[in-house]
Amino acid sequence: MSAVRFQAIAKSFGPVQALLPVDLEIAQGEFLTLLGPSGSGKTTLLNICAGYLEPTSGHLFVGERDITGLPPRHRNMGMVFQNYALFPHMSVAENIAYGLQVRRFASEDIRRRVAGALQMVRLDGLGDRAIRQLSGGQQQRVALARALVIEPDILLMDEPLGALDRQLRKEVQLEIRRLHVSQRRTTIYVTHDQEEALVMSDRIAVMRAGRIVQLGSAVDLYERPVDTFVAKFIGESNLLAGIVVSLADGRACLTVSGIDQPLAGTAAPGVFAGSPAAALLRPEAIYNRAGGLKAKVLERVYLGEIVAVRLSLAGGHELWSRRLAGEFSASDIVEIGWDANVVSILPNASDEPQLGGTNAE
Amino acid sequence: MIGRIALNAFVALVAAFLVLPIVAVVPGAFSAQSFIRLPPETWSLRWWNTFFADPSWRRTLISSLQVAMLTTFVSATAGTAAALGIARCGPRVQTVLTGIFLGPIVTPVIVMAVALYAMALSTGLVGTMTALVAAHTMMALPYVVLNVGVSLSGLDRRLLLAAAGLGADPVRVFQTVTLPLIAPGVIGGSVFAFVTSFDEVVLSIFLAGPAAKTLPVRIWEEIRVEYTPVVAVAASVMLVLALMAAIGSRFAARKLSP
């Protein structure tokens with residue numbers, strides 16, 4: 001039985017369709033990330049789950065129970081907001097205790113649970129601090145503790161790391177992951193950062209223009225993106241646009257202007273012979289091959305453990321490679337190749353009307 | 001350097017222009033003579049004794065305080081509720097409602113006085129404390145609505161969502177989150193309300209009767225008859241009380257602000 005089930009949940013704001021009917025099931029103990037650019041509907045979906053927004057149509061189930069119209073206070077969900085939304089007039093401990101006091105726990109019990117929660121997020125001894133005395137990372141942990149201490153059925157997080165610097169973000173990502181692994185609490189996490197999604201999630205729902213474009217594990221999304229949008233959104237990608245010339249047994253060939261040889265690759269569903277498509281080549285799949293395709297080096301970027309090289313192909317196409325060996329500098333000509341089985345031929349992401357666009361009648 | 005000295009001197013002059021005439025009334029209250037002269041030639045507490053020994057002065061002081069406190073209570077409660085309601089409306093309705101609530105501030109007081117006098121006559125409320133409190137509340141309410149409105153506009157709505165998400169019902173959200181966070185605005189508005197009522201004289205002259213005469217009205221009546229230092233004493237008493245209200249509110253607001 002799923003922990004949470006969205007059944008044809010849709011939301012409009014006036015004439016603007018923020019969310020097209022969405023069906024989504026989240027398993028007990030699963031960490032599901034809603035990943036997408038701003039305006040894709042991911043926060044809308046999260047707010048519907050929390051009860052802060054009412055869906056225009058559809059139903060929301062927790063277990064077997066339909067909670068579509070239930071106010072937030074009866075849902076027993078823990079929410080971590082983007083800028084934490086900690087109560088500025090309360091201390092750290094008072095913030096964490098808030099949900100327990102509302103639930104009329106005994107004061108001794110509250111003290112014990114708050115202390116436990118502080119320990120869980122490694123803020124022992126900071127209970128008496130005022131919120132404004134804490135760093136961003138510490139505030140983030142208080143928000144997490146406040147949401148978790150009520151033992152919510154579902155933990156909801158709305159871009160909780162958005163305000164942190166890069167180093168801290170990585171630390172807190174791993175901490176959230178660690179807490180999830182130890183508690184196995186059903187979690188819905190919203191972010192536009194693909195790295196966060198890849199590090200923490202069991203499954204990722206990639207959203208665009210109010211709908212879920214693809215739902216799957218990190219590996220699914222990275223290795224088998226359904227279209228060019230997902231390919232661009234997950235990981236680094238090179239996309240070469242062309243026309244499909246042949247399609248058979250799940251393999252397709254794509255002609256790309258300026259490149260003599262058609263590119264062969266695994267065809268994704270939605271690729272048809274004669275239609276435009278794009279070949280996905282991950283930067284780590286491109287290496288030196290004598291006698292291969294000729295490419296001009298445009299720039300070389302040192303990234304520490306690897307060197308990324310931007311290449312220009314005949315026909316004006318540009319590629320990034322992360323596996324080119326040797327010393328070279330800008331304008332050198334290199335010969336490159338890749339293994340045929342790492343190429344995917346993807347349909348172009350459909351140009352649906354963007355949100356708030358033409359469907360305003 | 002010279003520029004700075006000149007600037008400071010100018011600032012001092014402006015401050016003196018604003019404050020001195022008000023402060024000047026205080027020495028007048030300590031005169032031993034029967035008329036106000038600055039500075040007094042001889043000093044005494046004679047007029048303070050007169051003021052506090054005279055039941056009619058004492059009564060007006062007490063009814064002034066009563067009216068001001070009732071006005072503060074009514075306008076703080078109603079004004080806060082109004083500001084909360086206005087904040088929930090759409091931007092256009094907000095503009096209209098704010099305009100209506102600020103009306104009494106921009107309406108000439110004498111116009112309000114005439115209108116209210118007519119109303120009070122027809123309802124038989126002339127000379128009652130009810131009429132005074134109602135009239136003063138009209139004048140004081142806008143300040144509460146404004147102050148609380150400013151506090152509310154700085155209130156992060158997500159704090160209310162967070163509290164609701166943690167299980168709090170709307171009443172509890174209001175008590176534990178909204179009210180503490182807008183308290184500085186409520187207190188600031190209340191002080192304005194108190195002071196507005198405490199020194200209101202135009203409406204009070206029209207509406208006050210022998211049963212409910214406020215201190216400013218008594219001062220007004222007194223100086224039309226004779227200009228003795230007891231008026232300066234009454235003015236000093238008002239000054240001190242108003243200052244106390246202002247200072248007290250600053251302390252309270254500082255203690256409450258997060």
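**A loop to start with**

Analyst: Happy to! Let's begin at Asn83(A), which counts as partly exposed because 16 C-beta neighbours lie inside 10 Å. One thing to keep in mind is that this is a predicted model.

User: Good to know. Where does Asn83(A) lie?

Analyst: Asn83(A) lies in the loop between S6 and H2 of chain A. Its C-alpha atom is separated by 9.2 Å from that of Ala143(A), and the two residues are 60 apart along the chain.

User: And Tyr84(A), is that one buried or exposed?

Analyst: Tyr84(A) counts as buried, because it has 22 C-beta neighbours inside 10 Å and the cut-off for buried is 20 or more. Tyr84(A) also has its place in the loop between S6 and H2 of chain A.

User: What is the phi of Tyr84(A)?

Analyst: Tyr84(A) has a positive phi of about 75°, although it is not a glycine. For background, most residues other than glycine have a negative phi.

User: Okay, what about Arg184(A), what is its phi and where does it lie?

Analyst: Arg184(A) is not a glycine either, and its phi is positive at about 50°. You'll find Arg184(A) in the loop between helix H5 (166-183) and strand S8 (187-191) of chain A. Arg184(A) counts as exposed, because 12 C-beta neighbours lie inside 10 Å and 12 or fewer is the cut-off for that class.

User: Let's zoom out. How many helices and strands does chain A have?

Analyst: Chain A has 8 helices and 19 strands. Along the principal axes, its C-alpha atoms fill a box of roughly 75 × 50 × 35 Å. Of the 361 residues of chain A, 42% count as buried. If you look at contacts in chain A with a separation of 6 or more, residues 24 or more positions apart account for 67% of them.

User: How do S11 and S12 of chain A run, parallel or antiparallel?

Analyst: They run antiparallel: strand S11 (residues 238-248) and strand S12 (residues 251-255) of chain A are joined by 5 bridges. As an example to click on, Val244(A) has Leu254(A) in S12(A) as its bridge partner.

User: How does S9(A) pair with S10(A)?

Analyst: That pairing is antiparallel, with 5 bridges between S9(A) and strand S10 (residues 211-216) of chain A. Val206(A) stands opposite Gln214(A) in S10(A). The two strands form a hairpin with 2 residues between them, and Ala209(A) in the turn has a positive phi of about 50°.

User: Switching to chain B, how do H4 and H7 pack?

Analyst: Helix H4 (residues 55-87) and helix H7 (residues 129-153) of chain B pack at an angle of about 40°, with their axes 6 Å apart. That angle makes H4(B) oblique to H7(B), and their crossing is right-handed.

User: What kinds of residues are in that contact?

Analyst: The contact of H4(B) with H7(B) divides into 19 nonpolar and 9 polar residues, with no charged ones.

User: Where is Arg250(B) found?

Analyst: Arg250(B) is in helix H12 (residues 229-256) of chain B. Arg250(B) is partly exposed, because it has 14 other C-beta atoms within 10 Å. From C-alpha to C-alpha, Arg250(B) and Ala232(B) are 27 Å apart in space and 18 residues apart in sequence.

User: Last one: how many residues are in contact between chains A and B?

Analyst: 16 residues of chain A are in contact with 17 residues of chain B. On the chain A side, strand S6 (77-80) and helix H2 (92-102) each supply at least two residues. H2(A) gives the largest share of that side, 3 residues. By class, the side of chain A that touches chain B has 12 nonpolar, 2 polar and 2 charged residues.

Technical notes. Residues numbered from 1 in each chain as written. Chains lettered and ligands numbered in written order. Predicted model: local features only at pLDDT ≥ 70, side-chain atom pairs only at ≥ 80, totals over all residues. Contact = placed C-beta atoms within 7 Å. Helix = DSSP H or I, 4+ residues; strand = E, 2+ residues; numbered from the N terminus. Nonpolar A, V, L, I, M, F, W, Y, C, P; charged D, E, K, R; others polar. Pairing = 2+ DSSP bridges. Axes fitted to C-alpha atoms, helices over the stretch in contact; angles between N-to-C directions. Parallel < 35°, antiparallel > 145°, perpendicular 65-115°, else oblique. Left-handed = near helix turned anticlockwise from the far one by under 90°.
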